[in-house]
Amino acid sequence: MLIFNNRLSKTSFLTFIKNINHNPSSFRKFSTLNNLTFNSADENNNTNNLLEKQEYTEALQHFYNTPNLKDASHLISNNQIPLEEVTKIYESIKNQEPKNCNLFLALINRYKEENDKKKENQIFNEMKQLVNNMSIEDLGKIDDNPWNTIICEFCKHDSLLDCLSLIDKVPSKKVNKTSLNIILNNCVENKLTDKALEIFNSMEQRFNIIPDVKHYTCILKGLFNEKRPEEARNFYKRMKNEGILPNDITILTLIHGYLENNLNDRAIQLFKVMEKKFNVSPTAREYSIIIRACVLDGGLDEGFVLFQQMESRNIRPEAVTLHFLIDCFSKVGNVDVALELLDKMKNKFHYKPLLATYNSVMQGLTQTKRLDDAKKFLSVMEQDGVNPDELTLHLMLNLYVEHKRDKDANYLFRLMVQKYHVQPTIYHYNTLIKCLIKKGSIEDVIKLFEVMESTGVSPDSVTLSTILDFYATRGDLKQTMVVLKNMQQKYKITPQIQHFNSLFKVLIRQGRFRDALNLLAKIEGDGIKPIDHTFTILLNGCRNSDDLGTGRLIHQRLEKEGLLNDKLISALMKMYFDCGSREEAKALLYKYEDREEVVKSYEHIAGEVDEL
């Protein structure tokens, strides 16, 4: 029987009791508004009994009459008690002593269910403070179930070191298999694999627990993560010697571990036997990483066979697998397979390809110089709702330039902003400048250069190198010097050897070979080293100046520094021939007669290979 202590009518209260079973969350609001309190006439109905009978209103009445820690734990653990009421319950008893770990665990669980991370962490920190301040005797009194739950919560809330300290502090307390697995996993995640091994090796003696496959797998993962693959391999042998059969997670841990430690051959070998030997079927994820491993080891065909095997098993490949294969086939020039995979990606597996996937195919088409196919592919991209970006358009521009389709290149350049809303970058300008330079349209180059600067795009090293080479080829020393001066003073670009090569070229064309040699000595003093092309230009200077002595000095230097390659040997032979020293040219031929390109070069230069 219930006794009312306020003026609430009996009819109103009975209506409230009827509704509270359907909507427990209304209790707090109702009781607050009506200043409602209760007294129980039945002392046998304690809080826990009332909860078991699902009499939540009476249970709360009983608790608020005599608030205590035990009843609070029961109420908080019950999901039918609204969360706002849980907070009110905790506030009413949080200052009571002695505090109870069960109460904190119940609160943590409730806030966890409601995804209230802030409250959950707040209560955990209060429990952590309580547990850390408890004596060894008091810790020993905690029952096994809550003890294991406390250990797990410490791990889950990034308090692993406190957790390990607790275990060492009370060695007599039992830790169950699940808790040990959580501890080992946390050690591994925190890169404390040696500590995990120490706990693992003491499990049987200290906790009377024989390690199972989960514990072994956890240690394997830790060893692999810390780049200790040989230790992992030996630990796996130990596992097998103990008669512990690997499960699917163990096998996948081994495969992933081998791959992460660049032991692709072991991973591939295990993958091939995993189904037959261990009855573990690979998922799309395993196929993905093994296909990648095969391809990176140079086995693109083997990777593609695995992809076909996956298809035959009706395993839907990951989008990343398809993109990877499309990219690889495009790079090796097998664009037809790449296009076939792209079609499957869209129409069979119903993935939306990334722009990067389309660009991979476009790179393949550019590499194989398939201009017509590239134009069609650009249309396909637009039909698929994919707007080409800077890279796509740069590839198309290059393709037009390579096919000497200057008008198409200029038209596409205009479309970049007008149709595709892509602002040209220095790479696009460089491609078009290269195209105009090939035509000899220096006036058009100057106009484009001015447009480029007006849009805020500054020339780079490549731009200026192209223009320098143009003037050098024409023998225009004055303009070459102007570009070099602007390069340093206006654009703040330090000239490199490729820029000086243009100056060497123009000096030699004007018969100033000694000035070119003096310039070489100066820039080498500044730390700029000549490259193959530099020596080729200088050897041409020796020919033009009939300077056999300097040519011999360059030859000696190339021999001494180990810089001779087929191209430089050919340049040397040509220099010797033109300077009237045919015997020295023949000597080079005899020395490098095992090099096919050298023999061909001599044949071209002298036409005497058959006679020799």
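How are helix 26 and helix 27 oriented to each other, roughly parallel or roughly antiparallel? I opened my notebook with that one.

**Ground rules.** I am working with a predicted model, where local features need pLDDT of at least 70, side-chain atom pairs count only at pLDDT 80 or more, and totals for chains, interfaces and linings use all residues. Residues are numbered from 1 along each chain as its sequence is written, and side-chain values use heavy atoms, with hydrogens and water left out.

**Entry 1, helices 26 and 27.** I looked up helix 26 (residues 426–439) and helix 27 (residues 442–454), and found that their axes come within 9 Å and cross at roughly 165°. Helix 26 and helix 27 are therefore roughly antiparallel. For my own record, angles under 35 degrees count as roughly parallel, over 145 as roughly antiparallel, 65 to 115 as roughly perpendicular and the rest as oblique. The axes are lines fitted to C-alpha atoms, for helices over the stretch in contact, with angles from 0 to 180 degrees between N-to-C directions. Helices are DSSP runs (H or I, at least four residues), numbered from the N terminus. This crossing is right-handed, that is, the near helix is turned clockwise from the far one by less than a right angle.

I then listed who makes the contact (heavy atoms within 4.5 Å). Helix 26 brings Ile426, Tyr429, Leu432, Ile433, Leu436 and Ile437, while helix 27 brings Ile442, Asp444, Val445, Leu448, Val451 and Met452. By class I noted 11 nonpolar residues, no polar ones and one charged. Here Ala, Val, Leu, Ile, Met, Phe, Trp, Tyr, Cys and Pro count as nonpolar, Asp, Glu, Lys and Arg as charged, and the others, Gly among them, as polar.

I stayed on helix 26 to look at Asn430. Asn430 has a relative accessible area of 10%, so it counts as buried (under 20%; exposed is over 50%, partly exposed in between, with a 1.4 Å probe and protein chains only). Leaving out residues up to four places away in sequence, Asn430 touches Asp460, Val462 and Thr463. With Thr463 there is a side-chain polar contact of 2.5 Å (a pair of N or O atoms within 3.5 Å; within protein, one must be able to donate a hydrogen and the other to accept it, and residues adjacent in sequence count only if both atoms are side-chain atoms). I also checked Thr466, which is 36 residues from Asn430 in sequence and 8.3 Å away in space, C-alpha to C-alpha.

Next I turned to helix 12 (residues 177–189) and helix 13 (residues 193–207), whose axes come within 8 Å and cross at roughly 160°. These two are therefore roughly antiparallel, and their crossing is right-handed. From helix 12 I wrote down Leu180, Ile183, Leu184, Cys187 and Val188, and from helix 13 Thr193, Lys195, Ala196, Ile199, Phe200, Met203 and Phe207. The tally is 10 nonpolar, one polar and one charged.

His215 sits in helix 14 (residues 213–225) and is buried, at 1% relative accessibility.

Thr480 belongs to helix 29 (residues 477–489) and is buried at 0% relative accessibility.

I ended in the loop between helix 5 (69–77) and helix 6 (83–93), where Gln80 is found. Gln80 is partly exposed, with a relative accessible area of 37%.
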